[in-house]
Amino acid sequence: MRITIEIEEAVLEEVEKITGEKKRSPAVAKIVEDFVKRTRAKEFGRRLREGAFDYPMTNEEVEGLDR
C-alpha cells in the first residue's frame, strides 16, 4: 500500500543506517514493522505480568520440560 508521509531528512538517513536498507521505502517499512512487533510484545508481557493468561503448569514443571 502506498502512502505519503513527511519525515525529516536526518530521520530518514538514520532509518537507513539502522535497517541497513539502501532504499527508503523498504527501510521505513522495516522500522514500522519492527515497531508493531515490539508494541505487541510489550503488550503481551504486560498482560502476562497481570495474570491475563492461566497456565495449568507451575514454573518448576515448565522448567523441567527441557530435561
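Figure 1. Glu33 is partly exposed, its relative accessible area being 46%. Its salt-bridge partner is Lys37, with 3.3 Å between the closest N and O atoms. Lys37 has a relative accessible area of 53% and is therefore exposed, the cut-off being over 50%. Both residues belong to helix H2, which spans residues 24-49. They are four residues apart, about one turn of the helix. The coordinates come from a predicted model, not from an experiment.

**Figure 2. The whole chain.** How many helices and strands does the protein have? There are three helices and zero strands, and the order along the sequence is α-α-α. The radius of gyration is 19 Å, whereas the globule rule gives 11 Å for 67 residues, so the protein is more spread out than a compact globule. Along the principal axes, the C-alpha atoms fill a box of roughly 50 × 25 × 20 Å. Buried residues account for 9% of the 67 residues. The accessible surface is about 6600 Å², and carbon and sulfur atoms contribute 54% of that area.

**Figure 3. Confidence along the predicted chain.** The mean pLDDT of the protein is 90, and 97% of the residues score at least 70. Where is confidence lowest, and where is it highest? The lowest mean, 80, belongs to helix H3 (residues 59-63). The highest, 97, belongs to helix H1 (residues 9-19). Views of Val15 and Thr19 therefore show residues of helix H1, in which Val15 is buried at 13% relative accessible area and Thr19 is buried at 18%.

Figure 4. Thr19 is a residue of helix H1. Is Thr19 buried or exposed? Its relative accessibility is 18%, and because the limit for a buried residue is under 20%, Thr19 counts as buried. The Thr19 side chain has two backbone partners in this view. One is the backbone oxygen of Glu16, at 3.5 Å. The other is the backbone nitrogen of Glu21, at 3.2 Å. Leaving out residues up to four places away in sequence, Thr19 touches Ala27, Lys30 and Ile31.

**Figure 5. Val15 and the residues it touches.** Val15 is located in helix H1. With a relative accessible area of 13%, Val15 is buried. Which residues does Val15 touch, not counting those up to four places away in sequence? They are Ala27, Val28 and Ile31. Lys30 is 15 residues from Val15 in sequence, and the C-alpha atoms of the two residues are 9.0 Å apart in space.

Figure 6. Ile31 sits in helix H2. Its relative accessible area is 31%, so Ile31 is partly exposed. Apart from neighbours within four places in sequence, Ile31 is in contact with Val15, Ile18 and Thr19. Ile31 and Thr19 are separated by 12 residues in sequence, with a C-alpha to C-alpha distance of 7.3 Å.

Figure 7. Side chains of opposite charge can pair when their charged atoms come close. The structure holds seven salt bridges, among them the pairs described here. Glu16 and Arg24 meet through their side chains, with an N to O distance of 3.2 Å. Arg24 is partly exposed at 32% relative accessible area. Which residues are linked with Glu16 in a network of salt bridges? The network joins Glu9, Glu16 and Arg24. The side chains of Glu21 and Lys30 form a further salt bridge, at 2.9 Å from N to O. Glu21 counts as partly exposed at 24% relative accessibility, and Lys30 as partly exposed at 41%.

Technical notes
Residues numbered from 1 in each chain as written. Heavy atoms only, no water. pLDDT = per-residue confidence, 0-100. Helix = DSSP H or I, 4+ residues; strand = E, 2+ residues; numbered from the N terminus. Buried < 20%, exposed > 50% of the residue type's maximum accessible area, 1.4 Å probe, protein only. Polar contact = N/O pair within 3.5 Å; in protein donor to acceptor, adjacent residues only side chain to side chain. Contact = heavy atoms within 4.5 Å. Rg over C-alpha atoms; globule rule 2.2 N^0.38 Å. Areas by Shrake-Rupley, 256 points an atom, 1.4 Å probe, with all protein chains shown as cover. Salt bridge = Lys/Arg side-chain N within 4 Å of Asp/Glu carboxyl O.
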